Amino acid sequence: MSDLLERLRTRGWRITAQRRVVAEVLDGEHVHLTADEVHARAVERLPEISRATVYNTLGELVQLGEVLEVSTDRRAKRYDPNAHHPHHHLVCAGCGTIRDVHTGHDPLGALPEGERFGFTVLDVEVTFRGLCPRCAAAA
């Protein structure tokens, strides 16, 4: 059983065939699929699954905090099941590939107290941009 499915089962989330397929599609490391990519892969496993069901399921997973909605640029939002392990993202400016990275330091420490303007910081998102090996070789 996938890590995401196990987390959902533990939370008591009703696992229908459609929900199971969406969770299975999202399983794995460095998964950052668009809703359309999730739908296309889900249809391969369950041909009758609708786009609306995929979108609704993704919305529920985000609302539950089990999947992160990642928006790194003007491209489509992507869905990251690595919601319970703090990490940042490395994004290829050429093809849009996204990889999870773990820097080992607290990014909030880079924001001096005087630059917080009285905010209570709740979350920090760091995105590193560059070219993946394939795009760098083509450049």
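Modeller: The chain holds five helices and six strands. This is a predicted model, in which local features need pLDDT of at least 70, side-chain atom pairs count only at pLDDT 80 or more, and totals for chains, interfaces and linings use all residues. Residues are numbered from 1 along each chain as its sequence is written, and side-chain values use heavy atoms, with hydrogens and water left out.

Biologist: What makes a run of residues a helix or a strand?

Modeller: Both are DSSP runs, numbered from the N terminus: a helix is H or I with at least four residues, a strand is E with at least two. From the N terminus on, the order is α-α-β-α-α-β-β-β-β-β-α.

Biologist: Why is β1 called an edge strand?

Modeller: Two strands pair if DSSP finds at least two bridges between them. Three strands form an open antiparallel sheet in the order β1-β3-β2. β1 (33-34) pairs on one side only, and so does β2 (68-70), so these are the edge strands.

Biologist: What share of the chain is buried?

Modeller: Buried residues, those with under 20% relative accessible area (1.4 Å probe, protein chains only), make up 35% of the 139 residues.

Biologist: What counts as a contact?

Modeller: Heavy atoms within 4.5 Å. Of the contacts with a separation of 6 or more, 45% come from residues 24 or more positions apart.

How values were computed:
Buried means under 20% relative accessible area, exposed over 50%, partly exposed in between (1.4 Å probe, protein chains only).
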